[in-house]
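Please look over the sequence and the model shown here.

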Amino acid sequence: MPKRFALVAVSLTAVLGLLNEPLPVGAEPPAADARARSGARIRADVEFLADDLLEGREAGTRGYEVAARYVATRLAIMSVPPAADDGSYFQKVPFRKSSIVSSSVRVGPTGGALEPLVVPDGALVAPNSRQPEATVSAPVVFVGYGITAPEVGYDDYAGLDAKGKIVLACFNAPDKLPGETRAYYSSPDHKLRNAADHGAVGVLYMFLPEDQKRIPWDRLKGYFGQPTVTTLLPDGTPVMVEQRLTLVGYVSDASARKLFAGAPVTIEAASDATAKGEARGVALATTASLSVTSKYEETASENVVGRLEGTDPTLKSTSVVLTAHLDHIGVKPQGEGDRINNGAYDNAAGSAVLLEVARSFVASGAHPRRSVVIVFMTGEEKGLQGSNFFAHYPVKAAGKIVANVNLDMPLFLTASSDIIAWGSENSSLDDTVKGAIKAEGYALSPDPIPEENIFVRSDQYSFVKQGIPSVYLEPGFTAADPKVNGRELLEKFRTGNYHQPSDDLSLPMDQVAAARFAEANYLVARAIADDPVAPTWKPGNFFGRVFGKK
Ligand SMILES: [Zn+2]
């Protein structure tokens, strides 16, 4: 037995021993004591899942497999039965990993000589998951944000001819698009589809000055240079956002300037107008040529699925799906020092809270009226892959899914006095969440960072796209201790630790805050699962209209 495996086995046994205390049905210890114990369990799960031995839990790696076995074992110990179609806890999710063998980006005046941009310092192209050899060469059209939003009379493509062209589109979306609408329109789902609908053959993303500040190119090139992962349908076809586009790439600020050479407007004027939400696209005087050779590796990972059967004879064939992604981003390929991205908060913490929520259902001694399906998702970090697969092919035991409650990166750096329920305002879940968290003394806060488009960036969005009202709960930015600036702490995490090896066990974690947040999650899930009326989109709601069942 290799040494590393022995160590995992030893620590797994130790942790499970700790956690295998009898569930306190009926005779709960005093509240403060119960909360401390709950916090200690959450901490113990985080310590296991964020251990260096799990090597960052990247989907498709051994570290992820160990994490998956661990949460499945925890469910089994809690008497949460398995719910995959084969009777196990593991729903198999097939993937294709596409990596770049070689790539090039060249730009120059249309009809003239093209000069190469340096990859990755000046430009990057994503691998193509269907064509191992992909090339596209076409004149470039600047399309602002690349958004067409008829309900607010906004169209970046108005008066432009993008047919057969490569479009240059800015990341993000104009401020004037309201809340969640903005989240949808800023996503590749909309932008790539919209480009293809307008006949484009390729897309290059550029970044406005504001976005360059938030997400510097040096960081972006690390993300975008990585292999891409696509889920494979049961018939073996990769699920791509948009198959009509040949290639999608990204350019640095310096390269975007080269694309604007000889244009009728300066890049500054075009960027300014775009940032102000004044759609003003323009055909550029340049041509771009992108070329990528990709290689494929077929792998599989799994979602871990358990189910608590509902008590109502009719409602038990419906379910509330509770989710947290178990995967993270693995080991950094280069660099000095610690290279393991432990993902203690992203999302060992969310997974640990989900385990605690499952435990609360069991400890309550009475299942709710609807069934509750608990899913630890794989491949979230690779583009919501596990949840996308699950939402398309739910396990049979899920029956009709009425809602999704997701957990991703709950931060317990300090105790919060509020909760954010991303996306709740779109559906009747808003009232449900408000009512349920009040019992724990939490206030519900509005989205404090609309520019981050959080609602379309985690697993709940896969359910939204299937028309299912969903919500993503996170501790709010208001610290319970008035001397602590909660927002500053959280911003510091986002810029300093998020997707870095320093998102690890050395970060502070308020265990009581974690326990209280888990309890609030349980109350929310319980309220939805006990309500005989299924959640609905608000009348005229954007997501309800775009994705809801007719
Ligand atoms: Zn996450």
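Which side chain meets Lys396 in a salt bridge? The partner is Asp85, with N and O 3.6 Å apart. Lys396 counts as exposed, because its relative accessibility is 69%, over the 50% limit. Note that this is a predicted model.

**Salt bridges**

The structure holds 30 salt bridges. Three of these pairs are set out here.

| Pair | N to O distance |
|---|---|
| Lys396 and Asp85 | 3.6 Å |
| Arg69 and Glu302 | 3.4 Å |
| Asp175 and Arg182 | 3.4 Å |

Take Arg69 and Glu302, whose side chains meet in a salt bridge. Arg69 lies in helix 3 (residues 62–77), while Glu302 lies in strand 11 (residues 282–308), so the bridge ties together parts that are 233 residues apart in sequence. Arg69 is partly exposed, at 39% relative accessible area. Glu302 is buried, at 11%.

Asp175 and Arg182 also form a salt bridge. Is Asp175 buried or exposed? Its relative accessible area is 62%, so Asp175 is exposed. Arg182 has a relative accessibility of 7% and therefore counts as buried.

Salt bridges can also join up. Arg193, Asp197, Glu242 and Arg244 are linked in a network of them.

**Aromatic rings**

The structure holds 22 aromatic pairs. One of them is Tyr185 with Phe542: the ring centres are 5.5 Å apart and the planes stand at 50 degrees, so the pair is tilted. The angle falls between the limits of 30 degrees for stacked and 60 for edge-to-face. Tyr185 is part of helix 4 (residues 179–185), and Phe542 is part of helix 16 (residues 542–547). The pair links distant parts of the chain, 357 residues apart.

Are these two residues buried or exposed? Tyr185 has 4% relative accessibility, so this residue counts as buried. Phe542 has 7% and counts as buried too.

Tyr185 and Phe542 belong to one aromatic cluster.

**Charges over rings**

Which residue has its charged end over the ring of Tyr296? That residue is Arg96, 4.8 Å from the ring centre. Arg516 lies over the face of Tyr442. Here the distance to the ring centre is 4.0 Å.

**Two further residues**

Asn388 is found in helix 11 (residues 385–392). Its relative accessibility is 15%, so Asn388 counts as buried. What does Asn388 touch, leaving aside residues up to four places away in sequence? The contacts are Val239 and Ser462.

Gly159 occupies the loop between strand 6 (154–155) and strand 7 (166–170). With 86% relative accessibility, Gly159 counts as exposed. Its C-alpha atom is separated by 31 Å from that of Phe455. Along the chain, Gly159 and Phe455 are 296 residues apart.

Technical notes:
Residues are numbered from 1 along each chain as its sequence is written. This is a predicted model: local features need pLDDT of at least 70, side-chain atom pairs count only at pLDDT 80 or more; totals for chains, interfaces and linings use all residues. Side-chain values use heavy atoms; hydrogens and water are left out. Rings of Phe, Tyr and Trp (its six-membered ring) pair if their centres lie within 6.5 Å; planes under 30 degrees apart count as stacked, over 60 as edge-to-face and the rest as tilted. Helices (H or I, at least four residues) and strands (E, at least two) are DSSP runs, numbered from the N terminus. Buried means under 20% relative accessible area, exposed over 50%, partly exposed in between (1.4 Å probe, protein chains only). A charge sits over a ring if NZ of Lys or CZ of Arg is within 6 Å of the ring centre and within 35 degrees of the ring normal. Contact means heavy atoms within 4.5 Å. A salt bridge is a side-chain nitrogen of Lys or Arg within 4 Å of a carboxyl oxygen of Asp or Glu.
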